[in-house]
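Subject: Structure handover

Hello,

Here is the structure for you to look over. My notes follow below it.

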Amino acid sequence: MQANTFYISLTPQQAIPMIDDFIQRGSITGELIDRFVADSPNGGHCVISIYEKHFWRAGNRLTLTVTIDDFYGKTRVHTVGGGGGSGIINFDWGAAESFSNSVSEVLGPYIVP
């Protein structure tokens, strides 16, 4: 499992289509499995998206969960890639990390401290 958290200068509504396009139609060719949207009574938004892709080097299907919220005045992105391990030691050859890092690649120009 590979997790990553960072902040961006976009709203969740701006970031989601960029991630979708990159994962589903870009070089990743993954598939959106499910999406859950929760709106706060205070106006904040939280979007949880789950993607899946077959990685040949892992010999398995991987999942990527992307959670984006703006509950604290800036947009936070949290990614978790997993499910690609195989064999006795459940090793995925870095595929989960690669899938998880794809989100920070596409949102890289918008990452803020």
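This is a predicted model. I start with a ring and a charge. The charged end of Lys 74 sits over the ring of Tyr 7, and 4.4 Å separates that end from the ring centre. As for aromatic pairs, the structure holds zero.

Next, the nonpolar side. The largest nonpolar core has 16 residues. Which of them touch the most other members? They are Ile 8, Ile 19, Val 66, Ile 68, Val 77, Val 103 and Leu 107. At least two core residues come from each of these elements: strand 1 (2-8), helix 1, strand 3 (45-55), strand 4 (60-69) and helix 2 (95-107). Helix 1 gives the largest share, with four residues.

Take Ile 19 from that list. Setting aside neighbours within four places in sequence, Ile 19 is in contact with Tyr 51, Val 66, Ile 68, Val 103, Val 106 and Leu 107.

Now Asp 20. This residue lies in helix 1, which spans residues 12-25. Is Asp 20 buried or exposed? Its relative accessibility is 9%, so Asp 20 counts as buried; the cut-off for buried is under 20%. What does the side chain of Asp 20 make a polar contact with? The partner is the side chain of Arg 35, at 2.6 Å. With residues up to four places away in sequence left out, Asp 20 touches Arg 25, Arg 35 and Tyr 51.

Best wishes

Technical notes: Residues are numbered from 1 along each chain as its sequence is written. This is a predicted model: local features need pLDDT of at least 70, side-chain atom pairs count only at pLDDT 80 or more; totals for chains, interfaces and linings use all residues. Side-chain values use heavy atoms; hydrogens and water are left out. Buried means under 20% relative accessible area, exposed over 50%, partly exposed in between (1.4 Å probe, protein chains only). A polar contact is a pair of N or O atoms within 3.5 Å; within protein, one must be able to donate a hydrogen and the other to accept it, and residues adjacent in sequence count only if both atoms are side-chain atoms. Contact means heavy atoms within 4.5 Å. Rings of Phe, Tyr and Trp (its six-membered ring) pair if their centres lie within 6.5 Å; planes under 30 degrees apart count as stacked, over 60 as edge-to-face and the rest as tilted. A charge sits over a ring if NZ of Lys or CZ of Arg is within 6 Å of the ring centre and within 35 degrees of the ring normal. A nonpolar core is a set of buried Ala, Val, Leu, Ile, Met, Phe, Trp, Tyr and Cys residues joined through side-chain atoms within 4.5 Å.
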